[in-house]
Amino acid sequence: LQAPLEDLQRTEGIGESAAVFLKLVPAFVYQAQRSAAGQDTILNSTEKAGRYLLARFAGERNEVIYQLCLDRKGKLLACKRLSEGGSAAAELNIRRLVENALISSASAVILSHNHPSGIALPSREDYTTTRRVQEDTQPEIYVYRGYAAATDASWSEKSLDFAAKRLGHLLETYFTGEGYRRYLAVVPDKAQFTEPPEGYTPAGAQETADYLAQRLPVEIIDIAPLLALEDYYRTDPHWRQERLSAVAQTISEAMGAPVPDTTEETLCALTGEFHGSYWGKTAETLTADVLSYITSPLLDGCTVYDYETDSTGGVYDFTAAEKSPYDLFLGGPKALLRIENPAADNDRTLVVFRDSFGSSLVPLLAGGYRTVYVVDIRYMATDALSRVTEFPEGADVLLLYSVAVLQNSITLK
């Protein structure tokens with residue numbers, strides 16, 4: 001149906017009228033889909049938003065970016081066509097995105113774009129753009145004792161209920177057998193260790209974990225008491241890998257895995273200063289960080305398989321770090337990875353569902369397992385996992401999420 005009119009007319013049995021009718025069919029279907037989608041204005045789930053957007057993208061030959069503006073109950077306030085590019089790219093205007101959200105008084109925004117190639121997998125550019133939007137539209141950033149923090153992790157039962165629903169579906173789908181051991185570790189937000197601005201109270205890690213544990217079949221591993229403000233970067237929301245030995249040891253012990261051996265570890269650092277995502281966004285000048293990482297014969301021997309690129313590398317990606325230093329750890333935002341540890345003295349498997357905080361911690365847990373799966377369901381839908389891999393029975397399952405993600409869980413798929 002995408003063929004030129006002249007080509008259709010050259011087909012036996014198809015005259016001019018039939019050819020014109022066939023060319024109009026996609027337009028008819030497109031309008032019917034859009035009309036049906038327009039009737040469903042409550043987009044309070046990923047599935048509903050997906051159905052609505054599919055109608056918008058029907059018939060598009062170029063990459064297009066749409067912005068959905070929603071109120072607190074998921075009611076659609078506005079649908080804006082932000083931009084259109086070529087067959088492989090579209091530019092995003094963040095200023096226009098913010099203006100649309102403000103004009104419509106939106107409480108939430110959904111961004112979506114298509115891949116005319118038919119390959120529905122996010123590219124590295126998609127990850128980078130998503131992170132740029134998050135950084136450029138994030139809430140107030142303040143400085144406490146030389147450390148920048150953001151007001152983006154306040155308590156939200158609605159968000160925690162959604163997280164519980166998503167994570168519960170995940171556990172029910174893949175890890176219902178008696179042999180599985182399921183754990184939850186919540187990473188405190190840096191703001192928890194500061195004096196935040198008046199009117200803002202960051203959600204606590206322990207309270208967040210307790211709320212979820214009442215709704216999920218998991219055992220809590222409490223890591224918050226092991227952390228302090230100094231364990232985070234000054235210019236970035238993430239924690240520092242070189243300060244996580246106690247965290248890794250506590251998690252390993254709780255799961256009954258061999259405790260990581262630190263005797264052969266060496267501390268290294270990337271060349272130059274590390275300017276995190278808060279750099280240049282505060283009135284007070286910040287001191288630049290140094291991004292350090294831990295090496296050892298065990299970590300050097302681990303291999304990391306990336307399901308998206310069908311490639312194998314190490315736990316540290318120095319090429320990715322050239323563009324974004326924190327992406328040194330496991331290559332940054334990745335939907336699904338598998339770490340193999342040939343030096344393991346057992347055949348145990350660990351499956352970690354995580355956000356970006358897990359990138360720097362997971363390598364420190366690899367010593368206790370033969371295989372570690374690393375999954376980020378912000379970039380891969382839960383139901384799609386079964387089409388890509390199978391998790392062995394009896395695996396340890398660790399839900400490792402930051403307070404910021406759990407209190408803003410709309411990103412979980």
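Colleague: Quick one to start: at 0% relative accessibility, does Phe353 count as buried or exposed?
Modeller: Phe353 counts as buried, because its relative accessibility is 0%. Buried means under 20% relative accessible area, exposed over 50% and partly exposed in between, using a 1.4 Å probe and protein chains only. Bear in mind that this is a predicted model, where local features need pLDDT of at least 70, side-chain atom pairs count only at pLDDT 80 or more, and totals for chains, interfaces and linings use all residues. Residues are numbered from 1 along each chain as its sequence is written, and side-chain values use heavy atoms, with hydrogens and water left out.

Colleague: Okay, rings next. How many aromatic pairs does a search of the whole structure find?
Modeller: The search turns up 18 aromatic pairs. Rings of Phe, Tyr and Trp (its six-membered ring) pair if their centres lie within 6.5 Å; planes under 30 degrees apart are stacked, over 60 edge-to-face and the rest tilted. Phe353 pairs edge-to-face with Phe175, at 5.9 Å centre to centre and with 75° between the planes.

Colleague: And where in the chain do Phe175 and Phe353 sit?
Modeller: Phe175 is in the loop between helix 6 (157-174) and strand 6 (181-187), while Phe353 is in strand 13 (residues 349-354), so the pair links distant parts of the chain, 178 residues apart. Helices (H or I, at least four residues) and strands (E, at least two) are DSSP runs numbered from the N terminus. Phe175 also counts as buried, because its relative accessibility is 1%.

Colleague: What about the rings of Trp239 and Phe357?
Modeller: Their centres are 5.6 Å apart and their planes at 75°, so that pair is edge-to-face. Trp239 lies in the loop between strand 7 (219-220) and helix 8, and Phe357 in the loop between strand 13 and helix 11, so the pair ties together parts 118 residues apart in sequence. Both Trp239 and Phe357 are buried.

Colleague: Which residues do ring pairs link into a cluster?
Modeller: Tyr233, Phe274, Tyr293, Tyr316, Phe318, Tyr326 and Phe329.

Colleague: Switching to helix 11: how many of its residues are buried?
Modeller: Helix 11 (residues 358-365) has eight of its eight residues buried. Leu361, Val362 and Pro363 are among them.

Colleague: At what angle do helix 8 and helix 11 cross?
Modeller: The axes of helix 8 (residues 245-254) and helix 11 cross at roughly 60° and come within 9 Å. Axes are lines fitted to C-alpha atoms over the stretch in contact, with angles from 0 to 180 degrees between N-to-C directions. That makes helix 8 oblique to helix 11; under 35 degrees would be roughly parallel, over 145 roughly antiparallel and 65 to 115 roughly perpendicular.

Colleague: Which residues make the contact?
Modeller: Val247, Ala248, Ile251 and Ser252 of helix 8 and Leu361, Leu364 and Leu365 of helix 11. Contact means heavy atoms within 4.5 Å.

Colleague: Last topic, Asp327. Is Asp327 buried or exposed?
Modeller: Asp327 is buried, with a relative accessible area of 4%. Asp327 lies in the loop between helix 10 (318-323) and strand 12 (336-340).

Colleague: And what is Asp327 in contact with, leaving aside neighbours within four places in sequence?
Modeller: The contacts of Asp327 are Arg124, Arg131, Asp317, Ala320, Gly332 and Pro333.
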